[in-house]
Amino acid sequence: DLYSGDIGVCFHYDEIGLGRNNSMAYIGVSGTGFPVIMDTSREKAVICKLGREQGESGEPIRLVSLVKDSSFIASSATMFSQEHMEHPILVQQPEGSLADFRTRAMADLTAGRGADIYYVSGEDMRTLYEKGILADLNGILGEELREAVYEGALACGMIDGHQAGLPPEAYVTTLLVSDKLWEGGSWTLEEALTVMDGHPELKKLMISRRYMTKSTALRLLLLQDLPNSPFLDMDAGICDFNNDLFIKALETVGEDAGGNASPSVVKNGEAASFHPNMESFVDFSDEMSQIGEGFHFVGFPTEAECGSYWNADYFLVVNEQAEHRELIDAYLATLFSWYRQRELSHPVRRDIVDKNIYYMEDDPIGSPWNYTIGGGVYYRLATKPDGQPWSEEYKNLLDRAVSRPQDTHRIEDIIMEEAATYLSGVKTAQQVAEIIQNRVQLYLNEQ
């Protein structure tokens with residue numbers, strides 16, 4: 001209120017489908033006295049007239065979210081519906097207990113009363129796929145749009161050759177190692193442990209600037225790619241966890257992993273590898289600049305060719321019985337447009353990084369390279385020794401990374417549950433290995 005100075009919330013931009021970047025929306029009053037808003041965050045600017053009454057619309061397409069934070073999905077649905085009021089997308093989100101809401105939604109779906117679209121966890125996606133009620137989403141992005149998205153990210157939603165789900169967001173995990181310490185482009189668990197044994201000056205097998213629990217270190221080092229490990233043969237239905245290599249790996253995690261440290265620890269030769277923050281290009285650039293050249297991405301231990309992995313937490317899936325598929329497919333495709341992806345913390349489009357980097361020649365402080373997240377917000381980028389940004393290294397890694405295997409999560413849960421008793425000092429590594437072997441083999445026998 002310009003007269004009294006009082007400030008109050010009239011509405012939330014994202015709730016009425018105007019995106020989450022407030023600095024790209026402008027409010028005014030029309031000649032007839034109606035409040036209007038211009039949203040410039042879209043590919044084509046939109047002017048919206050606000051009113052007290054709901055506009056006319058046809059039968060809605062129902063989207064049920066089984067995820068706590070679905071603001072991006074909901075605002076995208078509202079924006080899409082503003083241009084397709086013949087069948088607007090109605091988003092239903094949890095209110096109160098997420099577990100209770102999920103139970104009701106899953107029961108409705110299996111009983112044939114389900115919604116058209118669901119936003120779910122990876123585990124729920126696999127459960128729904130196994131029930132045979134998901135549509136195959138292969139081909140809905142179109143050739144041009146699919147090429148604009150990292151294939152490894154999309155592969156996170158693949159099951160048995162079918163595109164069961166689409167992840168709007170995903171991120172990569174990897175390890176950096178010194179060229180002098182290890183020359184190969186990947187390493188096995190046995191090779192990584194051999195490096196530790198051969199270099200007594202190394203105090204840690206893996207470090208990160210962000211704090212890492214020993215449980216997290218265990219998951220990253222041992223469980224990223226169980227199907228390509230010496231401990232599990234899913235096809236044959238057998239496992240071998242009660243062996244010297246697995247026991248030694250458990251002991252190494254307990255003694256030489258966890259905590260946090262500066263990238264300089266790896267540069268000074270006190271740690272074997274570094275876990276960079278791939279979720280933020282700004283942080284990644286800063287960490288790479290501290291480490292410097294003479295390092296390469298080796299990834300996590302694996303028997304396969306690549307140990308750098310795409311991870312996706314949530315997926316959009318479509319009910320096989322859903323109607324209005326043309327509109328549903330069109331809505332899903334909009335989530336991967338540059339105008340929507342640029343709002344995300346973990347975008348999966350190839351062009352986001354390059355389009356967000358700016359060179360400001362007249363910047364009087366530090367590097368002239370800056371990174372924007374939109375709305376006039378810029379972060380200064382640390383650069384390589386030659387003054388160029390780390391964008392090529394970052395994009396090349398995202399191109400090479402593969403999707404993390406999705407079919408061993410129950411086995412991973414067993415290992416993490418039992419390994420906790422070793423990490424807490426309750427049991428020995430030998431005892432834990434025996435229990436894991438028995439429990440996993442029993443699980444495999446039941447499948």
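This report describes the fold, the packing and two single residues of one predicted chain.

The model is predicted, so local features are given only where pLDDT is at least 70 and side-chain atom pairs only at pLDDT 80 or more, while totals for chains, interfaces and linings use all residues. Residues are numbered from 1 along each chain as its sequence is written, and side-chain values use heavy atoms, with hydrogens and water left out.

**Overall form**

The chain holds 16 helices and 20 strands; these are DSSP runs numbered from the N terminus, with helices being H or I of at least four residues and strands being E of at least two. Its radius of gyration is 25 Å, close to the 22 Å of the globule rule for 447 residues, so the chain is as compact as a globular protein of that length. That radius is taken over C-alpha atoms, and the rule is 2.2 Å times the number of residues to the power 0.38. The C-alpha trace spans about 80 × 65 × 45 Å along its principal axes.

Of the 447 residues, 48% are buried, a term for under 20% relative accessible area with a 1.4 Å probe and protein chains only. Contact means heavy atoms within 4.5 Å. Among contacts between residues at least 6 apart in sequence, 73% join residues at least 24 apart.

**Strands around β4**

Two strands count as paired if DSSP finds at least two bridges between them.

Arg62 has Leu90 in β5 as its bridge partner. From β4 the chain passes through helix α1 (residues 71-82) to β5, a right-handed β-α-β crossover. Right-handed here means that, with the strands pointing away from the viewer, the path from the first strand over the helix to the second runs clockwise. On the β6 side, Ser65 has Tyr119 as its bridge partner.

Ser70 lies in the loop between β4 and α1. Ser70 is buried, with a relative accessible area of 3%. Not counting residues up to four places away in sequence, Ser70 touches Ser65, Gln93 and Tyr119.

**A three-stranded sheet**

Another open sheet has 3 strands in the order β9-β15-β20, with mixed pairing. β9 (171-173) and β20 (402-403) stand at the edges with a single partner strand each, so one side of each has no neighbour in the sheet. Tyr309 stands opposite Val402 in β20.

**Nonpolar cores**

A nonpolar core is a set of buried Ala, Val, Leu, Ile, Met, Phe, Trp, Tyr and Cys residues joined through side-chain atoms within 4.5 Å. The largest has 79 residues, and Trp310, Tyr331, Leu332 and Phe336 have the most contacts inside it. Leaving aside neighbours within four places in sequence, Leu332 is in contact with Leu137, Ile140, Leu166, Leu316 and Val318. A second, separate core has 47 residues, including Leu232, Phe241, Ala257 and Val298.

**Thr252**

Thr252 is in helix α8 (residues 244-256) and is buried, with a relative accessible area of 9%. Beyond neighbours within four places in sequence, its contacts are Leu193, Leu205 and Ala257. Thr252 and Leu154 are 98 residues apart in sequence and 34 Å apart in space, C-alpha to C-alpha.

Notes
Buried < 20%, exposed > 50% of the residue type's maximum accessible area, 1.4 Å probe, protein only.
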